[in-house]
Each structure stands twice: as C-alpha cells, then as structure tokens.
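Please examine the sequence and the model before reading each solution.

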Amino acid sequence: MGFQKVELNVDSEVVVRVIKSGKTESAVGVSLTKEIARLMAMEWEVEVTHMYRVANRCADVLANEGCTMNFNMKIYEECPEHLNELVLADSLGLTTPR
C-alpha cells in the first residue's frame, strides 16, 4: 500500500522486547519472530511501542479477529463497520477502566 512509516502498538511488553531484540526462548515463536524481522526489514520505518490494551480497543478487536483467521489475511480499505463506535470513542479520548 506504499506506507513509508508504520507504528506498531503492542499490548504486551514481552512481545515488544522480543520484536525489538529478535530473540525468543519459545520454539513455537522462532518462526514468527523471523517473519516479523523479515517484514520489519522491508523498505519502511517501523516504530514498535507498548500500549495498554484499553488505550486502543480497535486494535484489540482486530488482533482477536486475527487469532481466528488460520493464517488468512484480510485487508480493510476503510474502517470495518463493527469498529465505528470504537473508533469514535478512541478519537474522543474515551477510555474504560483497566
């Protein structure tokens, strides 16, 4: 899609450390860590940061959907309808207690 700069917000500090270091103790995570490193090495700038789940509920919903997709990929050209209310709440700065 031609992005030059990408911000990756992750709700797990451990995952942020693994992504930044490229090292994991998990046998299952090795191939995923290598794939993430390959994607990050492409011609774009990726900033990886930790963000609490409640600070971006849209990302949380999409991440949960991604966990059920069995390696399929879905690209949204616009905001999915089921996220409209969450996008509005995020843009207004509305949060829910942790």
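## Exercises on a predicted model

The accessible surface of the protein comes to about 8,100 Å², and carbon and sulfur atoms account for 57% of it. The model is a predicted one.

**Exercise 1.** Describe the overall architecture of the protein.

*Solution.* Begin with the secondary structure: the protein contains 4 helices and 2 strands. Along the sequence, these elements follow the pattern β-α-α-β-α-α. Next, consider the division into domains: domain 1 covers 5-50 and domain 2 covers 53-92. The centres of domain 1 and domain 2, taken over C-alpha atoms, are separated by 19 Å. Finally, the C-alpha atoms fill a box of roughly 40 × 30 × 25 Å along the principal axes.

**Exercise 2.** Determine whether T33 is buried or exposed, and list what T33 touches.

*Solution.* First, locate the residue: T33 lies in helix α2. Its relative accessible area is 12%. Buried means under 20% relative accessible area, so T33 is buried. Leaving aside residues up to four places away in sequence, T33 touches V18, G22, K23 and T24. For the protein as a whole, buried residues make up 12% of the 98 residues.

**Exercise 3.** Locate W44 and identify the surface patch that includes W44.

*Solution.* W44 is placed in the loop between α2 (29-40) and β2 (45-50). With a relative accessible area of 30%, W44 is partly exposed. On the surface, W44 forms a nonpolar patch with M1, F3, L39, M42, M73 and I75. Together, these residues of the patch have about 790 Å² of accessible area.

Technical notes
Residues are numbered from 1 along each chain as its sequence is written. This is a predicted model: local features need pLDDT of at least 70, side-chain atom pairs count only at pLDDT 80 or more; totals for chains, interfaces and linings use all residues. Side-chain values use heavy atoms; hydrogens and water are left out. Patches are made of residues with over 30% relative accessible area and no salt bridge: like charges are joined within 9 Å, nonpolar side chains (Val, Leu, Ile, Met, Phe, Trp, Tyr) within 5 Å. Accessible areas come from the Shrake-Rupley method with a 1.4 Å probe; for residues, only the protein chains shown count as cover. A salt bridge is a side-chain nitrogen of Lys or Arg within 4 Å of a carboxyl oxygen of Asp or Glu. Buried means under 20% relative accessible area, exposed over 50%, partly exposed in between (1.4 Å probe, protein chains only). Contact means heavy atoms within 4.5 Å. Domain bounds come from an automatic or database domain assignment.
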